[in-house]
Amino acid sequence: MASRSLGGLSVSRGGGKKSLSARNAAVERRNLITVCRFSVKTLIDRSCFETIDDSSPEFNNFAAILEQILSHRLKGQITWFGYESPRSFWDYIRVACRKVSQNCICSIENMENVNSSRAKGRAWIRVALMEKHLSEYISTALRDFKTTRRFYEDGAIVLGEEANMLAGMLLGLNAIDFSFCLKGEGLDGNFPAVIDYTPYLKFTQSSDSISSDEEELRTLGSSGSESSSPETIGPPFIMDENSWFNKCKRVKQKFQLTLEQKGYLEELLRLRENQLSESVSQNKILLQRIEDSDLAHKLEKEQLEYIIVELQDQLKSYHSLDQLSAEVSLSQTSLDPGQTQEDGKQDTLHLISEGKEDTPSLLGLCGSLTSVASYKSLTSLKSNDYLASPTAEMTSPGLTPS
């Protein structure tokens, strides 16, 4: 590294060149980002009064600025012979924006009237603005840092901190309705885009500077000599009248612009008031519906609670009736023993009748016990002791069962 000493100070040539190059690159990036922000604001302001199309100078300037930003420090393409050929930003966009859902990359590639890479890049800017996805395209491309490093050199805008600012400021363009013709002269890729800085470099003179202008004009008129005659003061007054006329014209233009903005804001306010009133009315309707549904739910709850209580009372009454019937049956059993004995006699007679049927040999001796005559004869026999007791007969040892 070459260096020289000047009065004890050592100056490095290589270090000075590097610092100067870094300073120039930083200034270039800052200028492009600043003018891009101005152009976006100008587009948003202009869109309030007219439709933005290819004939709009504000859009043409914005497209040129965006093209310069995306082409800033873009690497060239190396050919087979080792030469570096220039490359358009469309080559980078085509690769980095493939991940965007429903992208327009294939549509632009298949356009018949667009042949050059630069023209395809310009067509992409217009299509992305009409689709309101330009900020999404730029954000997706910047997130692919590997592809961005492959296409751009160090110090490029898309590799610096300004890239995040770029994606943020382009987001405001989604509120604008663009209308472009993709067959116009704006897609001609034979000429590079040129930025017009004059709309952003205009000097606006304040009202406080009027007196200073008069003093300057009077000074210029009286600067010849102290003995100048009144006739020599004529031209300054004529210049003063021209300056007043120009200022009046500028004030009139500002008044016209302010009047148009006032009309737009009033219309916007009226629209927002209508939307607010509709929202309030809908809110009232919804609140009334909520109150009605709450009341209906309360009534339904009360009805269900009443039904539950009624069913519980019925269930208790059923239990009490069962207990009462059981007690009644027990009391009847305890208070009517004759009926029980009669029932026992009937059961005994029924069993005896079944025994008679099982032993037919006794029919010849005693007859049927069910008849009254046989029952009387059996009683007379027993009373006359003609029949032996069955117990004695069964217990006598002389008798054996046959």
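The model is predicted, so local features need pLDDT of at least 70 and side-chain atom pairs count only at pLDDT 80 or more, while totals for chains, interfaces and linings use all residues. Residues are numbered from 1 along each chain as its sequence is written, and side-chain values use heavy atoms, leaving out hydrogens and water.

Start with the whole chain. It holds 14 helices and four strands; helices (H or I, at least four residues) and strands (E, at least two) are DSSP runs, numbered from the N terminus. Of its 402 residues, 23% are buried, meaning under 20% relative accessible area with a 1.4 Å probe, protein chains only.

Now look at helix H2, residues 57–70. Its 14 residues should span 20 Å at 1.5 Å a residue, and its end C-alpha atoms are 20 Å apart, which agrees. The expected span is 1.5 Å times one less than the number of residues. H2 is mostly covered, with 11 of its 14 residues buried. Among them are Phe59, Phe62, Ile65 and Leu66.

Next comes the largest nonpolar core, with 59 residues. Such a core is a set of buried Ala, Val, Leu, Ile, Met, Phe, Trp, Tyr and Cys residues joined through side-chain atoms within 4.5 Å. Phe62, Trp124, Leu134, Tyr152, Leu170 and Leu173 touch the most other members. H2 gives the most to this core, with eight residues.

Finally, take Tyr152. Beyond residues up to four places away in sequence, its contacts include Leu70, Phe89, Tyr92 and Val158. Contact means heavy atoms within 4.5 Å.

Definitions and conventions:
Buried < 20%, exposed > 50% of the residue type's maximum accessible area, 1.4 Å probe, protein only.
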